[in-house]
Amino acid sequence: SGGTTDAARGSRGFTRKEGGVHEWEIKWDAGAGTNSMVGVCTEEQSLQDQFCLKDLVGDTSDGWGWKASPGELRHGGEEVGDGRNAKYGKGNVLRMILDMDKGPLKYEKDGEAQDYFFSGIGPGPVYPVAATTWHGGCIEIVGCKSTFSSGGGGGVDGDGEEGAGAK
């Protein structure tokens, strides 16, 4: 009864065809409600539900999300995997590592690798995404760096600059 869920999606998508390993951070300067999430999504992922608090990223097959509390991974409207990662919230820095050559999306919290991750992400494009239910919250997606094996797109983000471009 009441409340909204809002998400920010990065402007640069990543594809299996393009390949490469892509890393970015999400600075969590807001409180994290139980439905706050980070991960990747397709262009079809809804970025707002103005009528309720919900697990927006991972609610459908268009998103793969790590939920702030209780730390579960969600995709296709279900909890996936055999366990849960750490909870996160205000003050935490989260790093996502997306390997589009092999498919996994791995997570770090404050520099510590998390035990559970998504595999088989692709073919894309998929975009960095963060969602929150915290009124007035600020979540920033920053510092996207891409590395390509032989024959890939080269260096950093597509135009030679760092930054995923969402805030």
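Guide: First, a term: a nonpolar core is a set of buried Ala, Val, Leu, Ile, Met, Phe, Trp, Tyr and Cys residues joined through side-chain atoms within 4.5 Å. Buried means under 20% relative accessible area, exposed means over 50%, and partly exposed lies in between (1.4 Å probe, protein chains only). This is a predicted model, in which local features need pLDDT of at least 70 and side-chain atom pairs count only at pLDDT 80 or more, while totals for chains, interfaces and linings use all residues. Residues are numbered from 1 along each chain as its sequence is written, and side-chain values use heavy atoms, with hydrogens and water left out.

Visitor: Which residues of the largest nonpolar core touch the most other members?

Guide: They are Trp24, Ile26, Val38, Leu98, Leu105 and Ile121, out of 24 residues in that core. Two or more residues each come from S2, strand S3 (37-41), strand S5 (63-67), S8, strand S9 (105-109) and strand S12 (139-147). Strands are DSSP runs of E, at least two residues long, and helices are runs of H or I with at least four, numbered from the N terminus. Another core, of 7 residues, lies apart from the largest one and has Ala7, Cys41, Leu56 and Ala131 among its members.

Visitor: What makes the contact between Arg12 and Glu18 a salt bridge?

Guide: A salt bridge requires a side-chain nitrogen of Lys or Arg within 4 Å of a carboxyl oxygen of Asp or Glu. The N to O distance for Arg12 and Glu18 is 3.3 Å, so the pair qualifies. The whole structure has 8 salt bridges.

Visitor: Why is Arg12 called buried?

Guide: Its relative accessible area is 15%, under the cut-off, so Arg12 is buried. Glu18 has 32%, and is therefore partly exposed.

Visitor: How do you know which parts of the chain Arg95 and Glu23 link?

Guide: Their side chains meet in a salt bridge at 3.8 Å, N to O. The pair links distant parts of the chain, as Arg95 is in strand S8 (residues 93-99) and Glu23 in strand S2 (residues 21-28), 72 residues apart. Arg95, at 23%, counts as partly exposed, and so does Glu23, at 27%.

Visitor: Are Arg74 and Glu72 buried or exposed?

Guide: Arg74 has a relative accessible area of 12% and is therefore buried; Glu72 has 6% and is buried too. Their side chains form a salt bridge of 3.1 Å, N to O. Salt bridges with shared partners join Lys67, Glu72, Arg74, Glu79 and Arg84 into one network.
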